[in-house]
Amino acid sequence: MGDGQHTTPPSLPSSPGFWRSPVRGVRFTAVLGVVLLGGITLLFVTGLVSYAAYNPGLAPVNDKTPGRGWLGFYLFDWPTDPHWLYRLTQGVHVTLGIALIPVLLAKLWSVVPRLFALPPARSLGHALERLSLLLLVGGALFEFVTGVLDIQLEYVFPGSFYPLHFYGAWVFLAAFLAHVGLRLPQAVRVLRERRSERRGEPAGDGLDSPDPAPPTLSRRGALGMVGAGSLLLLATTVGQSIEPLRATALLAPHGGGDPGEGPNGFQINKTAAARGIQPADTGEAWRLTVTGPAGNTVRLTRADLLELAQHSAALPIACVEGWSTADQWWRGVRLRDLAALAGADRDRPPAVLVESLQRHGAFRSAALRGNQVRDPRSLLALEVNGEPLSPDHGYPARVIVPAAPGVLNTKWVSRLTFGFGES
Ligand SMILES: Nc1nc2c(c(=O)[nH]1)N[C@H]1C(S)=C(S)[C@@H](COP(=O)(O)O)O[C@H]1N2
Ligand SMILES: [Mo]
């Protein structure tokens, strides 16, 4: 300290002497960087795959990202097999994203001296690298923050969460690829050296403090703390998707209804009351209106529906928020039978627009692809686990489709329009 060599006083973050933790160094950064390389790649892939699950190209009601343009190049028809597909992709996306938060923060902390380094740019190449770092750090923080806010709160954004998170992911990816291309060879070299030759820390990149404070924690201890933080978050999150561990899911989204006990005693997203569903609308007066591709209409009471062939399917509810239920036994009328009832081809049914009694708020309606209507497990469910649906799970009737995100499993259904938008 105060050895007179500093040209800038160490009280400025841009001074090399300012950052004094002896934990910083290229090895510490390289370990965290390689963990993030694997983890963030998996986050990106599961995120894009989960987005395809919404059938975003099918109808405006599903498309939360209008104008995504060529960024949707990879979109494909979401399958109905395996029936737990979205449960897996979105469960991994959310659980891994939460568990990586300590790693991301530690990685940012480890390189913070470089983020402040002056001059801002020594050359054009250096300027470009720093610009990409700005997008990288900004993009990573943006994606993690929007993701966590979407899980914990609703409608915190003026627009919608989806476009922000989707476009943010692509901006971040561009910077991430540039960063990996520039830094991966160095990280691999640093990690290899560690195994073969246990020499001193390779001097590197202004990460090692020229004037380190006395150590209070070894590098290994610091990595252990980051790992323990990640494991703790993992342990308090993963239960939201694994039934016997539900009680450990301290970080699972709150604010849904109390599911209570019995056949209907599984997670509720939005209660009937919260969605403004009046008991008068779901009683004797309720009718299901089914419209066929030719515009013909059939109106059915719940008793009419119970007289049609009833089928069962064991399917989960899997929410974009990451939580999911174990398979529940749903029972009701096949969507493809309802399509046939309205004059559509049972074996090659068209897409359907599903609308709810709900008048306000999100997820009032959703569109399902022909392959989803055709699957014999896709039901307009009237019962679950041997009892009529509870009001909160969608009484008098709700949609349930294998492998589809929860959002597409519309509750309190009032209208099905097969072949909508085709004529
Ligand atoms: N009409 C209507 N249907 C809806 C919703 C809604 O808010 N309104 N929420 C959807 C979402 S986001 C999910 S995850 C599932 C949750 O179903 P559950 O509450 O029966 O578990 O219902 C879906 N169906
Ligand atoms: Mo959901």
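Guide: A residue is called buried when its relative accessible area is under 20%, exposed when it is over 50%, and partly exposed in between. Keep that in mind as we look around this predicted model.

Visitor: Why is Pro16 called exposed?

Guide: Pro16 has a relative accessible area of 53%. The cut-off for exposed is over 50%, so Pro16 counts as exposed. You will find Pro16 in the segment before helix 1, which covers 26-52. Pro16 and Gly33 are 17 residues apart in sequence, and their C-alpha atoms are 22 Å apart in space.

Visitor: What makes Ala252 buried rather than exposed?

Guide: Its relative accessibility is 11%. Buried means under 20%, so Ala252 belongs with the buried residues. Ala252 sits in the loop between helix 6 (219-237) and helix 7 (279-282). From C-alpha to C-alpha, Ala252 is 9.3 Å from Ser241, with 11 residues separating the two in sequence.

Visitor: Why does Asn385 get the label "partly exposed"?

Guide: Asn385 has 27% relative accessibility. Look for Asn385 in the loop between strand 7 (379-384) and strand 8 (387-388). Its phi is near 50°, a positive value in a residue other than glycine.

Visitor: How do you know whether Trp412 is buried or exposed?

Guide: The relative accessible area of Trp412 is 2%. With the cut-off for buried at under 20%, Trp412 is therefore buried.

Visitor: How much of the protein is buried overall?

Guide: Of the 423 residues in the protein, 48% are buried. The protein exposes about 20200 Å², and carbon and sulfur atoms supply 63% of that area. Its C-alpha trace spans about 90 × 45 × 40 Å along the principal axes, and the secondary structure comes to 10 helices and 10 strands.

Visitor: What makes strand 2 and strand 6 edge strands?

Guide: Five strands form an open sheet in the order 2-1-10-5-6, with mixed pairing. Strand 2 (297-300) and strand 6 (365-368) each have a single partner strand, so one side of each is left without a neighbour in the sheet. From one strand to the next, the twist averages 15°.

Visitor: How do you know that strand 1 and strand 2 pair?

Guide: Two strands pair if there are at least two bridges between them. Strand 1 and strand 2 are joined by four bridges and run antiparallel, so they meet that definition. Thr289 stands opposite Arg299 in strand 2. The hairpin of these strands has five residues between them, and there Gly295 takes a positive phi near 90°.

Visitor: Which residues stand beside Leu353 in the neighbouring strands?

Guide: Leu353 has Ala367 as its bridge partner in strand 6, and stands opposite Thr417 in strand 10. Strand 5 is mostly covered, as four of its five residues are buried.

Visitor: Which way do the residues of strand 1 point?

Guide: Leu288 and Val290 point one way, Thr289 and Thr291 point the other way, and all are buried. In a regular strand the side chains alternate between the two faces of the sheet.

Visitor: Where are the cis peptide bonds?

Guide: One goes from Asp81 to Pro82, with omega near -15°. Pro82 lies in the loop between helix 1 and helix 2 (85-99). Another joins Leu118 and Pro119, with omega about 0°, and Pro119 lies in the loop between helix 3 (101-116) and helix 4 (124-152).

Notes. Residues numbered from 1 in each chain as written. Chains lettered and ligands numbered in written order. Predicted model: local features only at pLDDT ≥ 70, side-chain atom pairs only at ≥ 80, totals over all residues. Heavy atoms only, no water. Helix = DSSP H or I, 4+ residues; strand = E, 2+ residues; numbered from the N terminus. Axes fitted to C-alpha atoms, helices over the stretch in contact; angles between N-to-C directions. Buried < 20%, exposed > 50% of the residue type's maximum accessible area, 1.4 Å probe, protein only. Areas by Shrake-Rupley, 256 points an atom, 1.4 Å probe, with all protein chains shown as cover.
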